[in-house]
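These are my notebook entries on a single protein model.

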Amino acid sequence: MTDSISEHFETLAIHAGNTADPLTGAVVPPIYQVSTYKQDGVGGLRGGYEYSRSANPTRTALEENLAALEGGRRGLAFASGLAAEDCLLRTLLSPGDHVVIPNDAYGGTFRLFAKVVSRWGVEWSVADTSDPAAVRAAITPKTKVVWVETPSNPLLGITDIAAVAQIAQDSGARLVVDNTFATPYLQQPLSLGADVVVHSLTKYMGGHSDVVGGALIVDDEALAEELVFHQNAMGAVAGPFDSWLVLRGTKTLAVRMDRHSENAGKIADMLSRHARVTHVLYPGLPEHPGHEVAAKQMRAYGGMVSFRVRGGEEAAVEVCNRARVFTLGESLGGVESLIEHPGRMTHASAAGSALEVPADLVRLSVGIENVDDLLEDLQQALG
């Protein structure tokens, strides 16, 4: 991580890692679209660069920026969020180890545990991570990792990071927090005791639905070196142009998250009063069971809202199909608003498992459009 420029997030987002180009003075780091680097004699590396799988200056700028924003020592950027998760799990785990995973999580994360990691002898069990006692009960002598999403995907559950971090520490396990929904602007898990922060950079960090990427951020230098070794050995790194796009996105993260959160709060309030809606899942609502914890550990409540509708699965699908301003599509975190049916789309891989989502659930990624247009669209979609 570069020397601290400021303690203020908005300033770090714009300046951390964004050193002016020494050759031209360009204020935006160049895209180093290069695979190899001239050496000044055998082993004489310029700036430590020899091959872009190992390191690339554009990726370095992004990794320094990510570390600064999360308050960590090291950031690592990957080709996707799942590539970051895969590298992390193969670094931390060996055959015979055990992982506690949440009862609500991204479908791709569940698929990675259930269909891939389990094949090489890693065991996992499910716990309601919003209940610290349930996490403690799920830990075994073989547990090496406790995995948390907060807010969770797609049910917007909230986990008390500090409480679960203490439980993990007491058991000798590492706490991993997927911070994709909150972003470091709203929540910084490392400061609350987490060992590793995971991001899908595809989402809010990139922010414009034009890049796929992932990241790991840690504060432990020894763990960082292990991750860097595996990142290079496995090779699923972020490319220079993708790194540049995400670095551009983080500069406006704070202002975007303010608008995402403001719009989402107004939408959640409208949905909570709509006759066709049975449940609204948004941690900013006072009646949300995790509201007090979210208020304690988050700056605001984010741009994700889920809700359940009367009429079951077909009614939920119809709401998705009727939306006009909200785009029907997977993913989240872009400037445009998205709507989806998790049971048939992002979380289909969890069907039949403990992580299966309700069939009448609709998930919104609330964008930064005029909120009146979004409210009107949802009202007509609900009928």
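**Entry 1. Largest pocket.** I began with the largest pocket and found its volume to be about 430 Å³. On a 1 Å grid over the protein atoms alone, a pocket is an open set of points with protein on both sides within 12 Å along at least five of seven lines, whereas a cavity is a set where a 1.4 Å probe fits but cannot get out; lining residues have an atom within 4 Å of a point. Grid points are joined across faces, edges and corners, and the volume is the space filled by probe spheres set on them.

The model is predicted: local features need pLDDT of at least 70 and side-chain atom pairs count only at pLDDT 80 or more, while totals for chains, interfaces and linings use all residues. Residues are numbered from 1 along each chain as its sequence is written, and side-chain values use heavy atoms, with hydrogens and water left out.

Which residues lie nearest the centre of the largest pocket? I noted Tyr-106, Asn-153, Ser-200, Lys-203 and Leu-332, out of 26 lining residues. By class, the lining holds eight nonpolar, eleven polar and seven charged residues. Here Ala, Val, Leu, Ile, Met, Phe, Trp, Tyr, Cys and Pro count as nonpolar, Asp, Glu, Lys and Arg as charged, and the others, Gly among them, as polar. Helix H3 (81-92), helix H4 (107-116) and strand S6 (196-200) each contribute at least two lining residues. Helices (H or I, at least four residues) and strands (E, at least two) are DSSP runs, numbered from the N terminus.

I then checked two of the central residues against each other: Lys-203 lies over the face of Tyr-106, 5.9 Å from the ring centre. The criterion is NZ of Lys or CZ of Arg within 6 Å of the ring centre and within 35 degrees of the ring normal.

Entry 2. I searched the whole structure for cavities of 30 Å³ or more and found one. The largest cavity holds about 30 Å³ of space. Its lining comprises Pro-151, Leu-156, Phe-181, Ala-182, Met-298, Tyr-301, Gly-302, Gly-303 and Met-304; seven of these are nonpolar, two polar and none charged.

I recorded Leu-156 as buried because its relative accessibility is 1%; buried means under 20% relative accessible area, exposed over 50% and partly exposed in between (1.4 Å probe, protein chains only).

Ser-209 is another non-glycine with a positive phi of about 55°. Ser-209 sits in the loop between S6 and strand S7 (214-218) and is partly exposed, at 48%.

**Entry 3. Sheet.** Five strands form an open sheet of mixed pairing, ordered S8-S9-S12-S11-S10. Strand S8 (277-281) and strand S10 (327-328) are the edges, each pairing on one side only. Two strands pair if DSSP finds at least two bridges between them. S9 (304-309) and S12 (361-365) are antiparallel over five bridges, with Phe-307 opposite Val-362.

**Entry 4. Aromatic pairs.** How many aromatic pairs does the structure hold? I counted six. Rings of Phe, Tyr and Trp (its six-membered ring) pair if their centres lie within 6.5 Å; planes under 30 degrees apart count as stacked, over 60 as edge-to-face and the rest as tilted. Tyr-37 and Tyr-49 are tilted, because their planes stand at 35°, with the centres 5.7 Å apart. Both lie in the loop between helix H1 (9-15) and helix H2 (57-70), so the pair ties together parts twelve residues apart in sequence. Tyr-37 and Tyr-49 are buried.

Phe-110 and Trp-124 are edge-to-face, 5.6 Å between centres and 85° between planes. Phe-110 belongs to H4 and Trp-124 to strand S3 (123-127), so this pair links parts 14 residues apart in sequence. Phe-110 is buried at 6%, whereas Trp-124 is partly exposed at 30%.

Entry 5. Leu-374, in helix H13 (371-382), is buried at 0%. Its C-alpha atom is 9.7 Å from that of Ala-264, 110 residues away along the chain.
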